[in-house]
Amino acid sequence: MTANYFIIYFIICIIIYLIGALSSLFTFSVPKISNRLSNTCALVSSGLLSIAMIYKLFFLKDIPLAFKLNTNIPFLSLNFNIDNLAAFFILIITIVSFVVSLFSYTYMSRYFYRRNVSVFGCFYNLFILSMILLVASNNLILFLVFWEFMSLISYFLVIFEHEKKEVQRAGNVYVIMTYTGTAFITAAFVLIAYWTKSFDLNTMSTSSIPSNYANMIYVFLLIGFGTKAGIVPLHVWMPYAYTVAPSNIAAIMSGVMKKLSIYGLLRIVFDVLPGNPMWWGVLTLIVGTISAIFGIIYSLGSTVNIKKLLAYSSIENMGIIFCGLGMMLIARATDNSFLLTLAFTATLLHTLNHAIFKSLLFMSAGAIQYSAHTKSMEKLGGLIKKMPIASVFIFIGCLAISAVPPFNGFISEYIIFQTIINSIVWFAPLGRFSLVLLFMIVAAALALAGALVAFCFVKLYGISFLGMPRSSDAENVKEPGKPMLVALGISASLCLALGIFPKYTIGLIDNVSMEFINQKLLSTNWSLTNFMHYPLANNNLNISVSLLSIVVLILAGIVTLIVIAIRKRTSVQRYNTWDCGFTKLNPKIQYSATGFSKSIRIIFRGLFKPNRDLVITEGYGPYHIKKGTYTLSTEKVIEKYLYLPFIKAIINFSRKMRFKIQTGSIHTYLLYFFSILILMLLYYSFMA
Amino acid sequence: MIGLILKLFFQLVFILIIAPLFTGVIRKMKSKVQHKIGASVFQPYYDLIKLFKKDLVVSTTSSWIYNLAPYIFFITSLVAVSCLPVVYQLTGFKFYTDLLIIVYLLVTGRIFMALAGLDTGSTFGGMGSSREMLVSALVEPALFLVIITVSARSGVASTNVSTIYEYAINHTETAFTPMNILLFFSMLMILIAESSRIPVDDPSTHLELTMVHEAMVLEYSGRQLAFIELGTHIKQLIFMTFMANILMPIGFNVQNIFLSLGIYLIKILVITILVGLVELNTVKFRLYSIPNFAAIAFILSVLGFLSCFILK
């Protein structure tokens, strides 16, 4: 397939998205048909594009695919270029949107006749389309245009249930943070274009940016893209937006939209800015580590709502990806190509894996909300018996994010730790002890974060699915519909497949890294006869998850045979759980989600400032209470101590200055006109 | 190929046979110091045989996770210990023996046990699961720093166990350097936390409110409990083998396999006696004092790391 056929195929897929958007809009009177149309078009187009991208990454890896449409708009040329990095990110977008479109078939049926599903379908297709075109664009202005499209459309999708007050508030926070980030990105792009005299990425003269401007550009990019990625302290919109958004939108936002900030950073920093000083990488590494720790501690200690837990967990994973990015920048500053490849592979692999298992987890939150009509873990329980098949897939998602072998989360955590160890070994003999200390702290922080992730998802799965149902909603749960089950199943089997055969994913990323940084990670050519052993480039890292799985399966087989042999002599009796002989078992005596994580709230109380309040309405004294209200609250530390004073200062300042500037008297307004005119005349007479 | 399979088989059988012995040694030591005669050193074996013959009582609230968890815990502990060959003559299979694999296999086992604790719908199960996940999360940074120091000290950044063993064997002069001693004591504290010994958790308590590990497995009976207990003994042996073979690099230049097995057993016995002494001389800490314990283990491993890389 030559490049031209590929480009025509790409444009056909774009047109299918547009057909999905428009047809969904035109059938607004029959929500069922418009839901089906929009999701089918998104499904078909995403499936076709993902197959095309895999084909491109394996077979067309050296062929540039670029196409251009000329317009008369100044500075804007519709210049698209799909190189290997763009193909990788389009692959992530299309895999996740394929699965989520399948999921949305039954998920949106809750909203029929109550809200406008056809407009949702139209915006959904346009959202995915804007993300794909963002990644494919080769022009900075085009990038910004699609970035703004993506942000605006996602705002409308997030506030889908717009009559509730909390949704409106969440939408406000989201749109303010997103546009602040976009402002910083625009500033950075304008600076780049000023120094390189062009907006097109392939006609820029990249070596003429002076270094202090490059530093400023990098800080703006970090703030701008970091707002979208959700790193601390720019993450405050995430718990709000992800809790109120419908679960399929939350899956796409968390799985895909945040990764586009990584794409933006990789593209601009590596393709446009020529070299970088060390402190860029160190800053990114520190920011990533703080996000990882902060995200997981908040996820564990302050959430009862499943989607809020998943939102904070996304912050943690984006922190890990930013750690990988920071290590790439440090390696680039010291010209170490092996570390650069290793960090690049770690970053991209964790991006892919996180997209898959986080979308699986958000879809499972959606499935739980669809069946049980509640998002709070305190009202769930015992779901594993009511939805047996879905609970297996959700369990696989929880295992994958906790980095359990043989799922895909383990592979990316492994490679990240190998990057850290290699960095320590590289920098220690050179005498850069501050860097070695930094890597040590990063390693300890990531280890703590990894263990707390396991804690967090044991809490999620254990409280929601195991034990006894804690409310009547949870008792009446039924298995979700077939499209939802198939969508969850596809994601879960992808998690398993990518974990057992990581060689193919790493081979794919190698094709990306060959073009991007001219290095490869896997050294030998792998073939089917050699599938058990694949050393990495410096011959020091070998791990074979396939062989490990085989050993585990053999041992499991032996243990099963032993158990079958001895089970005939013993009997199995089913009886109630031991209740100490006191009370009948009721669901209230089980551990609750708040109680499960109380130890974390107490140990890290500086971050939570937990507050207990007991108000006794009937009864007297502390030991004889007949009725009372007990409130337990935690605070969001960054929002309260960083944002709120700043916002209050701005509001106070503007309230005071308002009456001094807008006095209401026409004389001052005329004075403003006159003085500006005089000043401009003076300026042009002296400067011209 | 056949040789590798035989080595793996011998390693697993050897571990299975000797693992419960060291728990018995600790219990016998405690009784002797308290002027009691105490149960025999082989009592854990008698307990296991008794448990295999007993009937099972399974709670009606539980699901397939409860039934599967003991086997997953046992198998992951077994695979993890097969990654750490007990003597040098048994190394040879290096395709999956990796220190990070060991850590993540133990995480897998722990996740399943914690979920099984929540599965029965009892309060004690939830309490045990919460506390167990907390304790293991708090000692994880120290464990990772020990692993990173051990794998990076040779100048070759490899977490492969064979490479680390070779470094330990070729560099027996590092046995009593500050780095080794600091890492040894950090690992001792991690061993105490992970195998649920005093001062983190009392393995012989009968009060449910003071339990950490026992409360998770309160509902188990029969052969499921036997597999869990065997898994716990093996988990203890994993950390002890790590300490004996990597952090005590003495007595390796022996060719006879039985003599080197004997030296290995003596090293494990020394570590067991250390653990027993710690158990005798301290009491169980409050749950919220365990972060202090974990912090001390972390500081020791940080000092070990620094003395390896920075204070050369």
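Me: What does Ile257(B) count as, given its C-beta neighbours inside 10 Å?
Reply: This is a predicted model, in which local features need pLDDT of at least 70 and side-chain atom pairs count only at pLDDT 80 or more, while totals for chains, interfaces and linings use all residues. Residues are numbered from 1 along each chain as its sequence is written, with chains lettered from A and ligands numbered from 1 in the order in which they are written. A residue is buried if 20 or more other C-beta atoms, placed from the backbone, lie within 10 Å of its own, exposed if 12 or fewer do, and partly exposed in between. Ile257(B) has 13 such neighbours, so the residue counts as partly exposed.

Me: Which residues is Ile257(B) in contact with, leaving aside its neighbours within four places in sequence?
Reply: Ile257(B) is placed in helix 10 (residues 257-281) of chain B; helices (H or I, at least four residues) and strands (E, at least two) are DSSP runs, numbered from the N terminus. Two residues are in contact if their C-beta atoms, placed from the backbone, lie within 7 Å. With neighbours within four places set aside, the contacts of Ile257(B) are Val87(B) and Gln89(B).

Me: How many Å apart in space are Phe9(B) and Ser82(B), C-alpha to C-alpha?
Reply: Phe9(B) sits in helix 1 (residues 2-33) of chain B and counts as exposed, because 11 C-beta neighbours fall inside 10 Å. Along the sequence, Phe9(B) and Ser82(B) are 73 residues apart, and in space their C-alpha atoms are separated by 9.0 Å.

Me: What radius of gyration does chain B have?
Reply: Chain B is built from 11 helices and 1 strand, and 57% of its 312 residues count as buried. Of its contacts with a separation of 6 or more, 81% are between residues 24 or more positions apart. The radius of gyration is taken over C-alpha atoms, and the globule rule is 2.2 Å times the number of residues to the power 0.38. A compact globule of 312 residues would come near 20 Å, which agrees with the value for chain B, 19 Å.

Me: Which helix of chain A gives the most to the side of chain A that touches chain B?
Reply: The contact takes 66 residues from chain A and 66 residues from chain B. Elements of chain A that each supply at least two residues to that side include helix 15 (408-427), helix 20 (545-566) and strand 3 (572-575). With 15 residues, the element that gives the most is helix 16.

Me: How many charged residues has the side of chain A that touches chain B?
Reply: Ala, Val, Leu, Ile, Met, Phe, Trp, Tyr, Cys and Pro count as nonpolar, Asp, Glu, Lys and Arg as charged, and the others, Gly among them, as polar. By these classes, that side has 47 nonpolar and 16 polar residues, and the number of charged residues is 3.

Me: Which residue of strand 1 of chain B stands opposite Val572(A)?
Reply: Two strands pair if DSSP finds at least two bridges between them. Strand 3 of chain A and strand 1 (residues 56-59) of chain B run parallel and are joined by 4 bridges. Opposite Val572(A) stands Leu56(B).

Me: How far apart are the end C-alpha atoms of helix 19 of chain A?
Reply: The expected span of a helix is 1.5 Å times one less than its number of residues. Helix 19 (residues 502-516) has 15 residues and so should span 21 Å; this agrees with the distance between its end C-alpha atoms, 21 Å.

Me: Is Ala403(A) buried or exposed?
Reply: Ala403(A) lies in the loop between helix 14 (388-401) and helix 15 of chain A. Its phi is near 60°, a positive value in a residue other than glycine. Because 26 C-beta neighbours fall inside 10 Å, Ala403(A) counts as buried.

Me: What is omega for the cis peptide bond from Ile198(B) to Pro199(B)?
Reply: Pro199(B) lies in the loop between helix 7 (178-194) and helix 8 (213-216) of chain B. The bond from Ile198(B) to Pro199(B) is cis, with omega near 5°.
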